[in-house]
Amino acid sequence: MIIYTTEVQDINSFYRLESLKEVYGIIWMFVPILTLVLGITIGVLVIVWLEREISAGIQQRIGPEYAGPLGILQALADGTKLLFKENILPSRGNTRLFSIGPSIAVISILLSFSVIPFSYHLILADLNIGIFLWIAISSIAPVGLLMSGYGSNNKYSFLGGLRAAAQSISYEIPLTLCVLSISLLSNSSSTVDIVEAQAKYGFLGWNLWRQPIGFIVFLISSLAECERLPFDLPEAEEELVAGYQTEYSGIKFGLFYVASYLNLLLSSLFVTVLYLGGWNISIPYVFVPELFEINKMNGIFGTTIGIFITLAKTYLFLFISIATRWTLPRLRMDQLLNLGWKFLLPISLGNLLLTTSFQLLSL
């Protein structure tokens, strides 16, 4: 059998072409992930700036104004400062647990963004169990906080980690029951299906009107999950110095700081998806039928409009969360647990029972 030189060159060029295609495929696989991470990072910087400006307005004082125009670079300056600060490790603490804890807290929240639909078919992973995957992944974050508190070898830190775990367990159960009610109403656990189930009648079809009790419980539980005032007991400065963050400095402290705002952004996005119609135009179909078609446009214009609507609803809820932080006083730990176990849990169970009953009667 004789193989000519031209045939060998053709075979080699074919293999090179195939290897290049594999490389391009791997690169394009990471492009959506990197785009999502970049968008999330910018969103967190915007939230930090908004919180400083809104809190300054509520307290009648001047907010950040020197770092960039209107102080928009203040959050970036704070992040750069934390990046170059000395990273201190406790001498008698567990170094591995101390270092892994912040990473677990951030990664568990970042993974949850993969099931968020930002526009029509603009989602990283459209799973049949999208909302329950979010609950499963987000429940890992308290493990990171416990590891941080225990690895610090500090009684204040460990007590803060225990409080964080107790608070998360208390409020994850009513939050999950509210999500289960939404899943029953939409006959699906996919975030895309839940949004599309609300799209028929504009804002009149939002789950906010069908599940008002569940919305209030979800709102309170999400604030408690984010450890925002009045539910920031795990890191209350007056009682625990800084909770599980006491021994942290530099970029590791920055990871906890970023995780809290990532969790706030994630909760706001899920409120938008579950209760406020997601990317859909919030004008009833019976009034303006032509605008309703924008909801299902696949082009750049339709996608951009969907992202804009999603972010507008999200930042509306963020404004409510920020204003709540600077308005209400902090609860005591016993009041916090009583609210979760004695009030929100029975109310969410009753809401789920009512939703199930209505769904069975409608069959």
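# Helix packing chat

User: Where does UniProt put the "transmembrane region" feature?
Analyst: The unreviewed UniProt entry lists it at residues 26-50, 97-123, 129-150, 255-279, 299-322 and 343-361. Those positions follow the numbering used here, feature names are shortened, and annotations may be inferred rather than shown by experiment. Keep in mind that this is a predicted model, where local features need pLDDT of at least 70, side-chain atom pairs count only at pLDDT 80 or more, and totals for chains, interfaces and linings use all residues. Residues are numbered from 1 along each chain as its sequence is written, and side-chain values use heavy atoms, with hydrogens and water left out.

User: How much helix is in 343-361?
Analyst: That span is 100% helix and 0% strand, with its end C-alpha atoms 27 Å apart. Helices here are DSSP runs (H or I, at least four residues; strands are E, at least two), numbered from the N terminus.

User: And 97-123?
Analyst: There the chain is 59% helix and 0% strand, and the end C-alpha atoms sit 33 Å apart.

User: OK, packing. At what angle do α6 and α9 pack?
Analyst: About 150 degrees, with the axes of α6 (residues 155-186) and α9 (residues 212-225) 9 Å apart. Axes are lines fitted to C-alpha atoms, for helices over the stretch in contact, and angles run from 0 to 180 degrees between N-to-C directions. The two are therefore roughly antiparallel (over 145 degrees; under 35 is roughly parallel, 65 to 115 roughly perpendicular, the rest oblique).

User: Which residues of α6 and α9 meet?
Analyst: From α6 you get Q167, S168, Y171, E172, P174, L175, C178 and V179, facing G214, V217, F218, I220, S221, S222, A224 and E225 of α9; contact means heavy atoms within 4.5 Å. By class that's nine nonpolar, five polar and two charged (nonpolar is Ala, Val, Leu, Ile, Met, Phe, Trp, Tyr, Cys and Pro; charged is Asp, Glu, Lys and Arg; the others, Gly among them, are polar).

User: What about α4 against α6?
Analyst: The axes of α4 (residues 130-138) and α6 come within 10 Å and cross at roughly 170 degrees, which makes α4 roughly antiparallel to α6. I131, F132, W134, I135 and S138 of α4 touch E172, L175, T176, V179, L180 and S183 of α6.

User: Switching topic: how many aromatic pairs are there?
Analyst: Eleven in the whole structure, counting Phe, Tyr and Trp rings (six-membered ring for Trp) with centres within 6.5 Å; planes under 30 degrees apart are stacked, over 60 edge-to-face, the rest tilted. One of the pairs is F98 with Y248, stacked at 4.0 Å centre to centre and 5 degrees between the planes.

User: Where do F98 and Y248 sit?
Analyst: F98 is in α3 (residues 95-112), while Y248 is in the loop between α10 (237-240) and α11 (250-275), 150 residues apart.
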